[in-house]
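Welcome! Below is a short tour for anyone meeting this structure for the first time. Please keep the 3D view open as you read.

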Amino acid sequence: MNNIFDTHCHYDDHWFDEDRQEVLDRVLGDGSVVSFVNHAATDEASALFGIENAKKYRNYYTSVGFHPEFASVLPQDWEAKLAELYEKAKATGKLTAIGEIGLDYHYDGYDRDREIEVFEKQLVFANEKDLPVIVHSRDASQDTLDLLKKHGSRGVIHCFSGSAEVAKQALAMGFYIGFTGVLAFNNAKKALKALEVVPMDRLVLETDCPYMAPPPFRGQRCESPMIAEVVKVVAAQKCLTEQQVCDQTCENAKKLYGIEL
Ligand SMILES: [Zn+2]
C-alpha cells in the first residue's frame with residue numbers, strides 16, 4: 001500500500017512536542033505509505049505552523065482558518081489576521097482551503113451566535129478567494145448544512161460523524177466527505193452506514209491526528225500512516241483493493257484542494 005493523502009492533520013498538537021521533527025521526517029519521507037498531508041489550521045499560531053512546514057516539506061500542504069472552539073476568544077482584528085494568513089499561505093503555493101471552520105454545539109459553554117457569525121464570515125471569505133472550506137461540524141448538522149447551502153460553499157465535511165441522510169445532503173451540495181479512524185472502530189455502525197452512500201469519487205481520508213487513532217492503535221497518538229487501517233475498511237465495503245482506495249482517495253483530495261502535480 002502507498003499513495004495515502006492525509007487530508008486533515010494537526011502535527012502542531014502538543015502531543016508531538018517531544019519528537020515532531022522525527023515524526024514529520026518519517027511520515028513525509030521516501031518509503032512512507034503517505035504521499036501527502038494537509039494541515040488543518042485552527043488559529044493564528046496553528047496557521048503559521050502550517051505555513052512554515054509547507055515551505056519546508058515538498059508534500060506538506062496547509063489551510064488557514066479559525067476553529068469554532070476559538071470563536072468566543074478571537075482577537076478583535078481576527079478578520080484582518082485571516083487575510084494576512086491567507087496571503088502568507090498563498091505565497092507558499094501550498095494553500096489548500098479555508099479551515100477548519102464550522103460549528104461545534106457539543107459543549108454547553110460555547111456561544112452559538114458567535115460561532116455562526118465567525119463561520120459565516122469565513123464562508124464569505126472562502127468564496128471571495130475561490131477556495132474550498134474544511135468544515136468541522138459537531139452536534140450541529142442542520143445549522144451547518146443550512147449555512148453551507150446559503151453561501152453556496154464547496155469543500156469537505158471533515159471527520160464525518162453524521163447520519164447517512166446528512167451525508168446525502170452534503171453530497172447533493174457537491175461536498176466531499178472525510179472519514180477518520182472512527183470508521184475502523186468496533187462500534188462504527190453509523191459511520192459505516194454513511195460510508196455506504198458516499199461514492200468513491202467523493203471520499204477522502206484523514207487522521208485528524210493526533211486524535212482518533214484506529215484499532216489496533218486506539219488510545220495511542222495517531223499518525224498519518226495509520227490511515228492504512230481505514231483503507232482496509234473502505235476496501236472491504238466497496239469491494240476494491242486497498243491500493244485502489246489509496247489511489248482514488250488521493251486523486252479526490254488533489255481535486256478538492258486544487259493540487260495540480
Ligand atoms: Zn481537526
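K255 has its place in helix α9 (helices are DSSP runs of H or I with at least four residues, strands are E runs with at least two, and both are numbered from the N terminus). This is a predicted model, where local features need pLDDT of at least 70 and side-chain atom pairs pLDDT 80 or more, while totals for chains, interfaces and linings use all residues. Residues are numbered from 1 along each chain as its sequence is written.

R202 is 53 residues from K255 in sequence, yet their C-alpha atoms are 9.9 Å apart.

The largest nonpolar core has 75 residues, and V64, V133, V156, I177, F179, L205 and V230 have the most contacts inside it. Helix α9 gives the most to this core, with six residues. Such a core joins buried Ala, Val, Leu, Ile, Met, Phe, Trp, Tyr and Cys residues through C-beta atoms within 7 Å.

Next comes helix α8. Its buried residues are I227, V230, V231, V233 and V234. They lie on the same side of α8, because they cover an arc of only 165 degrees around the axis, taken from the directions from the helix axis to the C-beta atoms. Their packing partners include these elements:

| Element | Residues |
|---|---|
| β1 | 4–9 |
| β7 | 176–179 |
| α7 | 189–197 |
| β8 | 203–205 |

After α8 comes C239, with a positive phi near 55 degrees.

Definitions and conventions. A residue is buried if 20 or more other C-beta atoms lie within 10 Å of its own, exposed if 12 or fewer, and partly exposed in between; C-beta atoms are placed from the backbone. Two residues are in contact if their C-beta atoms, placed from the backbone, lie within 7 Å.
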